[in-house]
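Here is a short report on one protein chain. Start with the view below, then read on.

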Amino acid sequence: MRDLTVATYQVVTRLPLEQAVSAIAGEQSTGTFVSVAGETDELRARHSAVVLDMTEIPAPITEALPGSRGDQPLHAALVRIGFPLDNTGPSLTNLFPVVAGNLYELRELAGLKLVDLDLPAAFGDAYLPAGFAVDGTRRLVGRPSGVLIGTIVKPNVGLRPSDYVDLVLELGLAGADFIKDDEVNADCPPAPLPQRVRAVTGALDEVERRTGRRPMYAFNISDEPDRMLRNHDLVVAAGGTCVMVNLNVVGFPAVAMLRRHARVPIHAHVTGIGALARHAGLGIGHVAYQKLARLTGIDHLHCGGFHSKFYVTDDDVAAMVEAVRTPLLGGFPCLPVLSSAQWAGTAPVTLERTGTEDLLVLAGGGVLGHPDGPAAGITSIRQAWAATAAGVPLHEVDSPELVRALERFGGVVAR
C-alpha cells in the first residue's frame, strides 16, 4: 500500500466531472497532454495519483474561470486525490507544486480550490514543531491564563526608532502582553531594524524593571533567507523574545529553515492570504493553508478576526481557529492570532465562536485609537474579556475605559 498525501479539492467544471478530475490527477503526477514513451505501466503503478472519491455539491460560483472548456452548465464536486509520498518525499518544497501548482491553469477546470490536506506521518518526522506555541508564549509573557492581549505599532510606517520608545513603554506599563511590527514594516528606511531593535528592547527593559513583566515584541525580520537568520540573531542578542515573518513573502521552506535556527517564538503573518483564499472558486482554503503553515514550526498564526474590517466571514475565522487548535500529525501546536478591527466590543463574539481564551487578540486602532490613549485601550479590552468570561453584558460594566471604547468604536466597526 502506497503512502499518500490526500488533497481535497473543490472542483468546478463544464465538462464531465470524471474528465476534469482525471486531468488533475494526471497533470500533477505522471501524465502530460500526450502519451510519452517513459510512462510505463510499472511507473504509473508506483507514481500515478489516484482519485479516491468524489461527492457532487452545488457549484459555488456562477462564472467560470477564463479559458475553461466545455458547454455544460457549471457543476462541482468535492474530490479527494491521493499523491504518492514517493513522488515528493516529506518535503514542503516538493509538495506544494504537486497539490497547488499548475493544476489551476488546466482548461478542464472552471474553478478549483484546495480545501484540505491529509499528510503522511513522514512529514511529522521531517519537520520541527513549534518550540513555544501556547504554553511557551504564556510563560514568556507571564500570563498563565486568560486571553493574551496585544497591539500593532501604528502608524504602520513612517515612525523613527525614537518614536517607538514612549509607545512601547506606555503599552508595556498598561499591561500589554504582546506588541508587534506591522507587516509592511520590516527593515525599512524610516526605522532600520538594528536601530528599531535597540530602541524597543531598551523600552522593554524599562517595563520589566518597573513591573517585573516583559511584554513580547515581535520584530518583523522578513527578508531574504540569509538576512532573515542574521535578523533573528540580532533580535536575540539584544534581548528580544519574538520574531515575525510574512509567511507568504518569504515562503514555507524558508520559515522551516528559520525554525531550525530559531531560539525564540516565530509569529507568522499571512499577508497576501486574500489572493489565495478570498474567491469562492479559486485558490487555497484556510484549513488546508494552516496545515502547510504549521508544518514549518511557527508558534503563532494569524486567523483573521471576527467582525473584521477585511473580507472574511465569521464562519471562516471560527473554522480557522478550530483547525489551528486541532493537533496536526499528533502535534504541531500553534497559538491562534486574531486581528483586524478587533477591540473591546469583539470579545463576546470571539469567545462565543471559539470557546477558548487560548488566543492572542491584537487590536491596532482598538488600542491606539482609544479616546483616552493606548493604555486605556489595553485596559478596555481586558475589562471586556473579564466581563464576557463572567457572563456580564458589556453595556452593564461600569468602567470608564470600557464605556469610552463602546462610545468610540461601537458605531465605527458595527456590521
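In helix α14, Asp314, Val317, Ala318, Met320, Val321, Ala323 and Val324 are buried, meaning under 20% relative accessible area with a 1.4 Å probe, protein chains only. These buried residues pack against α13, β11 (300-302), β12 (335-338) and α15 (347-354), where contact means heavy atoms within 4.5 Å. An α-helix has 3.6 residues a turn, so residues three or four places apart point the same way.

The length of α14 (residues 314-325) fits too: its twelve residues should span 16 Å at 1.5 Å a residue, and its end C-alpha atoms are 17 Å apart, which agrees. The expected span is 1.5 Å times one less than the number of residues.

This is a predicted model: local features need pLDDT of at least 70, side-chain atom pairs count only at pLDDT 80 or more, and totals for chains, interfaces and linings use all residues. Residues are numbered from 1 along each chain as its sequence is written, and side-chain values use heavy atoms, without hydrogens and water.

Helices (H or I, at least four residues) and strands (E, at least two) are DSSP runs, numbered from the N terminus. Strands pair if DSSP finds at least two bridges between them.

Now the sheet. Five strands form an open sheet in the order β2-β3-β1-β4-β10, with mixed pairing. Its edge strands, β2 (50-57) and β10 (282-284), each pair on one side only. Seven bridges join β2 to β3 (residues 75-84), and the two run antiparallel. Met54 stands opposite Val79 in β3.

Two helices lie across strands of this sheet. Angles run from 0 to 180 degrees between N-to-C directions of axes, which are lines fitted to C-alpha atoms, for helices over the stretch in contact.

| Helix | Lies across | Angle |
|---|---|---|
| α4 (residues 92-99) | β1 (4-13), β3, β4 (111-118), β10 | about 25° to β1 |
| α13 (residues 286-295) | β4, β10 | about 50° to β4 |

Definitions and conventions
Buried means under 20% relative accessible area, exposed over 50%, partly exposed in between (1.4 Å probe, protein chains only).
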